Amino acid sequence: MILSFVEHESGVPDELSLESLTMAREIATGTGEPLEAAVLGAEGGALADELGPYGVEEVHHVVHDRLDGEGYAPQAWGESIAQLAADLDAGTVTGPSTDRGHEVLAHAGATLDAPMATNCTAVDVDNGAYELERNRWGGSLIEHARLEGEPTLVTAAEHEYPVEEADAAVEPAVSEFSPSLPDTAFAVQLDRVETSDEEGIALGEARVVVGGGRGVGNPDDYDQLETLADLLDGTVGASRAAVNEGWRPHDDQIGQTGAKISPDIYIACGISGAIQHMVGCKGAENILAINTDPEAAIIQKADYAVIGDLHDVVPALNEELEERS
Amino acid sequence: MNVLSCVKRVPNTGAKIVLTEDNQRIDTSNLGFTMSPHEECAIEEAVQLAEDHGGSAHVLTLGPEEATEQLRTGLAMQADEATLLESGGEEWGPRATANAIADVIDDLEDEFGAFDLLLFGNESADMGNCQVGVRLARRLGLPCVTGIRSLDVDDGVAVAKREISGGEEVYEVDLPAVVTVKEGINEPRYASMRAKMQARRKEVSRREPTGEAGPGTFEKIRLEAPETDDSPAEILGEGVDAAPAIVEVLASEVEIL
């Protein structure tokens, strides 16, 4: 069977977990095995209704007094998944490519001493082994690989699988699993969450992102981009070059080591289009590039382009939008 | 306190990526090498901690002989000592890498003193495996916090913060521990020419790596550059005159107005 680790917030499954369920269901269909889910944390048992449409036949709620009542503990979660996988004789454990998904599955993989392939974009089964494709260099390269083990662990690359319901919904059975966890598994445990005072839309969730690169030239001129983002109910991001210049905080960085965005439109202002930046915005539905250089790499990647200086174009665009509103 | 930072030599792929004819690796004949961005931050963090608390910063890499270049970068950033686990030219998987590092920790601690912290990048830029730090921690029986963007150490306890949507998760963990860091935790220093010259003269300690890959296999078959739509963008105009056309696209094509 295929066991899928599903993250959730108060019983509502996380979107990347639903994406990873699409991958898990494809694997299950390929191998003819059932698809089951592992959920942890309080309210995890409430997920059965949520996961039935995605073809999950059984939801295993991991129950332990220190897991339910206290904060997230990565090693304890990973050991729980490993014990559940062993108990169910799961052939494969899947999960989302979130920080937590990777961390929990890495701990499960360490407990099981099993191989793990991260950021997968396609998985096929061939004589009991997986022929898979995974992102390397943040998606600039695809690696074709063969994964074999008992079990194996696989995470689905972000935004590579659509959230897709199964052809036929099932009504999952719900069961509880009680792992045996030593104190050492709780050596790292979430102490508290500090909420941010910053207002505005998170980059990863914004429907409109206005990005500024080296072409912006100085920190003050991001004001024009902020105005544009406000007019479009969006948010501002930046290239690594702009962050390295100290014009924007690292939180704004879009790219391989920054945020991955998937807006309806990404308006890239004064950005050349380096590979590391493009892997951060390849999830965008549309890209509009504003650049003085018609030969810039981003012009080849964009859907729409304006050849011109952003310092002229963006204020004119803001004026046009204000007149229209 | 003594801090070990583990880094990796990777091709500098800011330029266009070209694969070798057998599609097994990036053609590096026209590319330089660097270390992964997260790992550069791991070195900076190690050096800052040693400066603030006393002790030493040690940098280690598993890689070919040429990876001494990245170790010397670490030394130029004021790391005190460097160790190369010379692996030859082949890529090592995450389990073998974690086991190889775990296998030499005792030896390194005998020579340089016990490590209070072992720092890794959250994932290497080329492989993105996201598991070496965790697997090493589990081999050594140490606690592990991953993906952190802030680290404070006081009285044998590390306070590590990890970014989440709308805030930060805060973990407090007793040392010794393994921590994997993300870019943004600090701003890596630029090494001066004098520091680079001094780093050239420092000794790099060498060890033979012995890591086992463990049961099961992950085997690369080939690499592929993904197909991209390189059709030129629809040019909406030049300069300020393009503003009405942009608004039209936002309204009718993207449908956000």
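A residue is called exposed when its relative accessible area is over 50%, buried when that area is under 20%, and partly exposed in between. In this predicted model, B:Glu255 has a relative accessibility of 60% and therefore counts as exposed; B:Glu255 lies in the segment after helix 6 (243–253) of chain B and, although not a glycine, has a positive phi of about 60°. B:Gln78, in the loop between helix 2 (68–76) and strand 5 (81–86) of chain B, is likewise a non-glycine residue with a positive phi, near 85°, but its relative accessibility is 37%, so B:Gln78 counts as partly exposed.

In chain A, helix 4 (residues 74–88) has 15 residues, which should span 21 Å at 1.5 Å a residue, and this agrees with the 21 Å that separates its end C-alpha atoms. Because eleven of these 15 residues are buried, helix 4 of chain A is largely enclosed by the rest of the structure; among the buried residues are A:Trp77, A:Ile81 and A:Leu84. A:Asp89, with a positive phi near 55°, follows this helix.

Between the chains, helix 5 (residues 99–112) of chain A packs against helix 4 (residues 132–140) of chain B at an angle of about 40°, with the axes 9 Å apart, and the two helices are therefore oblique to each other. Chain A contributes A:Ala106, A:His107, A:Gly109, A:Ala110 and A:Thr111 to the contact, and chain B contributes B:Val134, B:Arg135 and B:Arg138.

Conventions
Residues are numbered from 1 along each chain as its sequence is written. Chains are lettered from A and ligands numbered from 1 in the order in which they are written. This is a predicted model: local features need pLDDT of at least 70, side-chain atom pairs count only at pLDDT 80 or more; totals for chains, interfaces and linings use all residues. Side-chain values use heavy atoms; hydrogens and water are left out. Axes are lines fitted to C-alpha atoms, for helices over the stretch in contact, and angles run from 0 to 180 degrees between N-to-C directions. Helices (H or I, at least four residues) and strands (E, at least two) are DSSP runs, numbered from the N terminus. Angles under 35 degrees count as roughly parallel, over 145 as roughly antiparallel, 65 to 115 as roughly perpendicular and the rest as oblique. Contact means heavy atoms within 4.5 Å. The expected span of a helix is 1.5 Å times one less than its number of residues. Buried means under 20% relative accessible area, exposed over 50%, partly exposed in between (1.4 Å probe, protein chains only).
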